[in-house]
Amino acid sequence: MSKNFLENGDSIKEITLCLTLNTVDLSHNDIDGDDIIVTLSAAPALVSINIVGNPVMNTPQFRKKAISRMPRLAYMDRPVFEAERLAAEAWATGGREAELMAREKWRIDQQNKAKEERRVFREWKAAKVEERRKQIADAQATA
């Protein structure tokens, strides 16, 4: 659907009838207005959108609005990562302050996850070293 002089949500409303459509290329049209988010979010299987080259991309907070309204969206001109989704959803419900808090919480959660993974690895490594030590001791005792 790229390069077709599409202008708004009404010009693409038929995609909501495509129950298995998961990717749509709307690049380089004349799409403007937040109603495009309403239309795109009504497409039941949509997970990937290319919308680059449209005036709507200059709308303040457009990406955050789209991500927060479309929970299945995994790609919109670039990947939608977990941290961005959490921040966009927080922004939609609580504004900039909630977004910043969500980003900080995600960062702390990632740090804690990494610490836990390192701890588990150290324990696994120590268990393997002890296991090997016992194997050597048993081999020496039977020899």
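I will start with a list. In helix 3, the buried residues are Ala83, Glu84, Arg85, Ala87, Ala88, Ala90, Trp91, Glu99 and Ala102. Buried here means under 20% relative accessible area, exposed means over 50%, and partly exposed is in between, with a 1.4 Å probe and protein chains only. Helices are DSSP runs of H or I with at least four residues, strands are runs of E with at least two, and both are numbered from the N terminus.

Before going on, a word on the source. This is a predicted model, in which local features need pLDDT of at least 70 and side-chain atom pairs count only at pLDDT 80 or more, while totals for chains, interfaces and linings use all residues. Residues are numbered from 1 along each chain as its sequence is written, and side-chain values use heavy atoms, leaving out hydrogens and water.

Now the helix itself. Helix 3 runs over residues 82-142, which is 61 residues, yet its end C-alpha atoms are only 55 Å apart. A straight helix at 1.5 Å a residue would reach 90 Å; that expected span is 1.5 Å times one less than the number of residues. Where is the kink in helix 3 centred? On Gly94, and the angle there is about 145°. The bend at a residue is the angle between two fitted axes, one for the seven residues ending there and one for the seven starting there.

Ala83 has a relative accessible area of 17%, so it is buried. Glu99 is at 2% relative accessibility and therefore counts as buried too. Leaving aside residues up to four places away in sequence, Glu99 touches Lys64, Ala87, Ala90 and Trp91. Contact means heavy atoms within 4.5 Å.

What covers the buried residues of helix 3? Part of the cover is helix 2, residues 62-69. On the helix 2 side, Arg63, Lys64, Lys65, Ile67 and Ser68 take part in the contact. Their partners in helix 3 include Glu84, Arg85, Trp91 and Glu99.

As for geometry, the two axes come within 8 Å and cross at roughly 115°. Axes are lines fitted to C-alpha atoms, for helices over the stretch in contact, and angles run from 0 to 180 degrees between N-to-C directions. Helix 2 and helix 3 are therefore roughly perpendicular, a label for angles of 65 to 115 degrees; under 35 is roughly parallel, over 145 roughly antiparallel, and the rest oblique.

Helix 2 has buried residues of its own: Phe62, Arg63, Lys64, Ala66 and Ile67. These pack against helix 1 (35-41), strand 3 (75-76) and helix 3.

In helix 1 I will mention Thr39. Thr39 counts as buried because its relative accessibility is 10%. Its contacts, again without residues up to four places away, are Gly9, Asp10, Ile12, Lys13 and Thr16.

Last, the backbone. Most residues other than glycine have a negative phi. Gln61 has a positive phi of about 65°, and lies in the loop between strand 2 (48-50) and helix 2. Lys3 has a phi near 55°, in the segment before strand 1 (23-25).
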